[in-house]
Number of protein chains: 2
Amino acid sequence: MNATTVDPGTLNRGNADVRLARAALTRLMEPSDLAGLALISVAGPVDALALIRSGAESSAVLEQEMTAVLAETGAGRWPGLADALGRWRPRLADLAPERDLAVVERYGGGLLIPEDPAWPPALADLQLAEPIALWMRGRVLHLPEQRRCIALVGSRDSTSYGANATGEMAAALVQRGYTVVSGGAYGIDASAHRGALAAARQDPSYWGSVPQGRTGAGSGAGGVAQPPTLAVMAGGVDRFYPSGNEELLRTVTEQGAIVAEVPPGTNPTRYRFLQRNRLIAALCEVTVVVEARWRSGALNTAHHAAGLSRSVGAVPGSVYSANSAGCHRLLREGAAVCVTDAADIAELAGEAGSNLVPEQRGAPALHDGLGVEDLLLLDALPLHSATSVDKLSVVAGLGTASVLAGLGRLELLGLARRLDTGWKRGG
Amino acid sequence: MNATTVDPGTLNRGNADVRLARAALTRLMEPSDLAGLALISVAGPVDALALIRSGAESSAVLEQEMTAVLAETGAGRWPGLADALGRWRPRLADLAPERDLAVVERYGGGLLIPEDPAWPPALADLQLAEPIALWMRGRVLHLPEQRRCIALVGSRDSTSYGANATGEMAAALVQRGYTVVSGGAYGIDASAHRGALAAARQDPSYWGSVPQGRTGAGSGAGGVAQPPTLAVMAGGVDRFYPSGNEELLRTVTEQGAIVAEVPPGTNPTRYRFLQRNRLIAALCEVTVVVEARWRSGALNTAHHAAGLSRSVGAVPGSVYSANSAGCHRLLREGAAVCVTDAADIAELAGEAGSNLVPEQRGAPALHDGLGVEDLLLLDALPLHSATSVDKLSVVAGLGTASVLAGLGRLELLGLARRLDTGWKRGG
């Protein structure tokens with residue numbers, strides 16, 4: 001573990017039996033195994049694990065309570081507890097939660113559980129699909145407040161346009177005090193982590209003092225620094241996957257953290273990637289898709305975010321780029337807001353004052369505030385030679401009195417000039 | 001006038017005195033002169049002109065009725081009829097409506113008035129700001145139905161990206177039987193007209209038979225061909241403005257038409273450009289902004305369209321292009337729908353069946369329809385060496401019965417293969 005670690009461990013303290021049971025359950029049950037989560041909800045993690053370990057074929061009382069919990073989520077019919085036990089028990093042989101905890105602690109990490117004060121309240125929005133626990137390793141072992149986390153996600157086969165846009169947005173978001181969350185994959189994910197890390201490197205105060213707005217609320221300890229970036233993984237945190245991102249992910253753990261709901265040694269699978277996406281969406285205030293093809297896993301993250309009533313942004317691109325087609329699809333379907341820079345994203349995250357940003361762009365033209373009559377008159381004023389009030393009246397289609405009053409106003413604004421021979425355009 | 005003209009003139013027939021009066025009024029009153037339009041509304045065009053020509057200082061009866069008409073539009077207080085007469089009368093000296101009509105007829109054009117059967121009903125949505133009349137010249141002297149007209153508008157200083165996208169969309173829209181409407185300016189407007197003309201040139205049947213969906217309803221004559229493009233001008237139709245577009249606008253009149261609410265000889269002014277934009281918006285089912293800076297007249301057209309409850313589209317582009325900033329602004333503010341090609345635009349225009357377009361893009365992955373258990377099982381199946389049902393049960397986290405049933409389903413789909421030694425990925 002790094003010597004300058006800010007957050008020396010809020011994990012692995014207290015609740016030893018609950019932590020051990022949850023560690024075990026993350027191995028027995030796949031992410032979002034609703035029957036499993038219903039069992040934990042009604043029996044508690046320790047008794048749920050004991051039931052699976054016992055030879056019991058089922059339990060009528062538990063099954064009834066689980067059915068009620070599942071019905072609340074609208075899950076509909078389920079095959080029953082006996083079926084579920086048959087699903088979990090084949091994995092009992094591989095179970096060694098103490099070893100798993102030891103592995104992660106050796107990396108300076110640990111297991112964050114819902115019973116910890118640092119458990120992110122944002123995850124409760126997942127309702128029954130709230131993860132059993134989160135395996136973490138890194139410089140910080142808490143998760144920043146949801147309102148300070150922005151997900152930047154996208155395709156693995158990014159273009160240089162997407163990579164540039166992602167990197168610049170990530171860096172600017174970190175400079176604004178946000179944590180950039182992504183999935184550690186190639187392409188857009190990697191650009192997001194890299195941009196965030198680069199911004200933190202360039203800020204000498206980043207890990208020294210704790211600037212305002214960068215205080216993580218997660219640990220409850222106060223004054224804990226906000227990590228520049230988090231990678232939420234589909235496989236175990238003991239390995240850096242994909243291997244081509246090993247160096248990058250190592251740096252992410254040195255400066256931020258990596259997180260997974262599956263235990264060490266777990267391979268990422270398609271199913272786990274899809275479930276991992278719901279965690280990214282739940283942990284973040286805003287999910288931004290920078291580049292995505294018409295069908296892309298990044299769209300799945302965006303749909304999760306929308307389902308959780310989180311804000312979704314999409315970065316536009318060329319209509320000729322297949323890598324932007326998914327973003328345009330989100331925009332077209334009204335599933336995402338168009339964002340072009342970190343300021344747009346901060347506005348989506350509800351940053352105070354930034355609602356004014358659009359109005360400030362571009363210098364207003366002097367004639368923007370003119371009334372219709374003054375605009376007609378300005379159009380009628382010749383640029384070079386002077387003209388008479390009568391002529392202006394004909395050209396502008398205004399009465400003489402209106403022309404005289406309007407010339408006075410335009411002269412004040414420097415838009416009309418009075419010469420001996422008449423009037424011309426000012427400026 | 002071109003020898004193959006399809007629509008030999010629905011204009012300039014009947015209503016001679018009304019036509020002459022409206023021709024005169026378009027010179028006395030600027031576009032959207034609400035007091036003038038209120039006067040025409042209550043007195044009729046012939047008496048309105050007679051009043052302006054008379055020496056009368058005002059008319060208490062007319063002023064009262066005009067006030068009522070203006071109040072209906074929410075126009076609020078107005079300076080009164082005497083003031084308005086003072087505005088119109090300076091232009092009486094230049095009045096020669098017979099000459100104006102003769103000029104336009106010499107070009108094979110004429111004046112379309114609300115009393116003509118060919119007057120576009122779409123313009124009624126402008127309420128009191130409906131134009132006094134429309135000066136036209138071209139191959140067709142009617143306006144196509146609103147539902148078959150698409151406006152493509154944008155900045156004068158377009159990029160090659162914007163020019164390409166505009167040209168391709170315009171051509172594809174004409175191929176679908178739409179008329180592309182724009183403002184005849186440099187940049188995006190010119191690309192829109194050019195793309196539309198190119199598509200018409202490539203279609204040998206374009207001006208021969210009348211394909212379905214290309215029948216203009218405007219003239220009421222039936223079987224009138226749909227022009228590929230229309231230019232709505234801010235100045236008179238007797239001149240091709242800007243001069244750099246002279247050749248292009250000449251071709252537009254040969255293949256389509258140019259239209260203006262101001263009489264021959266009128267210069268375009270800033271005010272008239274802004275008013276011209278409301279006509280483009282009113283005549284079209286959809287207004288698409290292809291490229292626009294943060295502040296751009298094209299946004300004004302879009303806002304007019306939205307105000308008329310017409311659909312608005314915006315074409316996305318690079319976040320680094322200042323020429324797309326206005327489009328992104330419209331998207332961000334929810335004022336436009338993201339459109340990337342003619343199919344998207346046709347869908348906005350309500351084209352039948354095109355709602356299905358998005359679902360057809362991109363080949364669906366074979367595993368898209370799989371349930372969660374089959375997806376878990378597919379992820380667990382090794383690609384190369386075969387594995388046992390028990391091993392699959394552990395890896396997938398599924399009971400043995402679920403594994404066996406799932407393997408059966410995956411085998412049917414060709415996704416699993418049974419070997420002597422066990423099971424592996426199929427395909």
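## Basis of the model

In this predicted model, local features need pLDDT of at least 70 and side-chain atom pairs count only at pLDDT 80 or more, while totals for chains, interfaces and linings use all residues; side-chain values use heavy atoms, with hydrogens and water left out. Residues are numbered from 1 along each chain as its sequence is written, and chains are lettered from A and ligands numbered from 1 in the order in which they are written.

## The interface

Chain A gives 57 residues to the contact, and chain B gives 57 residues. Between them the chains bury about 4600 Å², of which 54% is on carbon and sulfur atoms. Buried area is the accessible area (1.4 Å probe) that two parts lose on being put together, summed over both.

Six salt bridges are found across the interface of chain A and chain B, and the count over all chains comes to 42. A salt bridge is defined as a side-chain nitrogen of Lys or Arg within 4 Å of a carboxyl oxygen of Asp or Glu. One salt bridge links Glu347(A) with Arg332(B), whose closest N and O atoms are 3.3 Å apart. Glu347(A) belongs to helix H13 (residues 342-348) of chain A and Arg332(B) to helix H12 (residues 325-332) of chain B, so this pair joins two chains. Helices (H or I, at least four residues) and strands (E, at least two) are DSSP runs, numbered from the N terminus. Another salt bridge is formed by the side chains of Asp379(A) and Arg270(B), at 3.5 Å from N to O.

## A pair of packed helices

Two packed helices are described by the angle between their axes and the distance between the axes. In chain A, helix H16 (residues 389-396) packs on helix H17 (residues 400-412) at an angle of about 105°, with the axes 9 Å apart. Axes are lines fitted to C-alpha atoms, for helices over the stretch in contact, and angles run from 0 to 180 degrees between N-to-C directions. H16(A) and H17(A) are therefore roughly perpendicular (65 to 115 degrees; under 35 is roughly parallel, over 145 roughly antiparallel, and the rest oblique).

Val389(A), Leu392(A) and Ser393(A) of H16(A) meet Thr400(A), Val403(A), Leu404(A) and Leu407(A) of H17(A). By class, this contact of H16(A) with H17(A) has five nonpolar, two polar and no charged residues. Ala, Val, Leu, Ile, Met, Phe, Trp, Tyr, Cys and Pro count as nonpolar, Asp, Glu, Lys and Arg as charged, and the others, Gly among them, as polar.

## Backbone features

Tyr241(A) and Pro242(A) are joined by a cis peptide bond with omega of about -5°. Pro242(A) is located in the loop between strand S7 (229-232) and helix H9 (246-255) of chain A. In chain B, a cis peptide bond with omega of about -5° joins Tyr241(B) and Pro242(B).

Ser32(B) is not a glycine, although its phi is positive, at about 60°. Ser32(B) sits in the loop between helix H1 (16-28) and helix H2 (34-43) of chain B.

Conventions: Contact means heavy atoms within 4.5 Å.
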